[in-house]
Amino acid sequence: DTEFNDLINDFDIKIHTMNTCYRQKKNVGTATINAINKIADSTPFLDKNKILDFKEGRQYLTNLSNNIDFVNPSGYVKCYESVSISNIKMEIRRILESPFYMWRHTPGLLIVLDDCEHLPDLNDVLLPLLQINYVRIIGLNQIEKVKGLEFQHVFLFLNISLFNDIQKGFKGSGRSVYRKRRLLRIPFSRAKDSLVTFIIGVND
């Protein structure tokens with residue numbers, strides 16, 4: 001907030017606040033905001049005073065970016081409590097058979113993979129999409145490469161511990177871990193029509 005205010009004051013900038021989103025479908029946008037708010041409420045610290053200072057120093061920009069109305073109806077959101085090839089195939093069929101055609105000018109599906117030994121081999125199941133260049137696959141360490149890009153659909157493959165952190169929030173993670181988890185707001189916000197999460201390692 002301090003850096004933002006300095007920018008405004010130094011260059012005499014006028015703020016025009018917009019809080020309506022037409023890009024993301026309502027259900028997708030609502031799920032995105034829920035995840036982003038949990039991340040925003042989290043903190044790298046355990047000390048109460050540091051937690052308070054950390055949140056107060058980011059309160060204005062957080063409210064500015066997270067209080068959004070999604071006016072485009074519908075949208076598809078699904079969370080699978082475990083990963084199965086059959087579920088992945090079903091979701092791929094859903095987007096290929098949708099009346100809203102997959103984009104042809106750019107990959108319409110973003111897949112984000114957690115670095116986990118229990119991740120299934122996706123080569124065969126994704127072959128129909130890979131052959132027609134409809135999918136982009138990245139690891140969690142590459143998230144910043146899709147910042148500002150848009151995709152029709154996003155599939156997230158997340159380890160159960162990371163998924164729980166996003167659902168419940170986290171504190172005391174330390175700055176380096178917090179910065180990495182904070183980047184997860186990017187893939188959540190890239191989805192336009194559908195957002196699907198597959199949880200890895202539930203039965204371990």
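Here is a walk through some of the salt bridges in this predicted model.

Let's start with the general idea: side chains of opposite charge can pair when their charged atoms come close. With a cut-off of 4 Å between a Lys or Arg side-chain nitrogen and an Asp or Glu carboxyl oxygen, the count here comes to five salt bridges.

Take Arg23 and Glu150 to begin with. Their side chains meet in a salt bridge, with 3.6 Å from N to O. Arg23 sits in strand E1 (residues 20-25), while Glu150 belongs to the loop between strand E5 (135-139) and strand E6 (151-159), so this pair ties together parts that are 127 residues apart in sequence. As for accessibility, Arg23 counts as partly exposed at 26%, and Glu150 also counts as partly exposed, at 30%.

Now move along strand E1 to Lys25. Its salt-bridge partner is Asp193, and the closest N and O atoms are 3.2 Å apart. Here too, distant parts of the chain get linked: Lys25 is in strand E1 and Asp193 is in strand E7 (residues 191-200), 168 residues apart. Both Lys25 and Asp193 are buried. Asp193 falls in that class because its relative accessibility is 11%, and buried means under 20%.

Asp193 has another partner, though. The side chain of Lys192 meets the one of Asp193 in a salt bridge, at 3.2 Å from N to O. Lys192 has 22% relative accessibility, so this residue counts as partly exposed.

Key:
Residues are numbered from 1 along each chain as its sequence is written. This is a predicted model: local features need pLDDT of at least 70, side-chain atom pairs count only at pLDDT 80 or more; totals for chains, interfaces and linings use all residues. Side-chain values use heavy atoms; hydrogens and water are left out. Helices (H or I, at least four residues) and strands (E, at least two) are DSSP runs, numbered from the N terminus. Buried means under 20% relative accessible area, exposed over 50%, partly exposed in between (1.4 Å probe, protein chains only).
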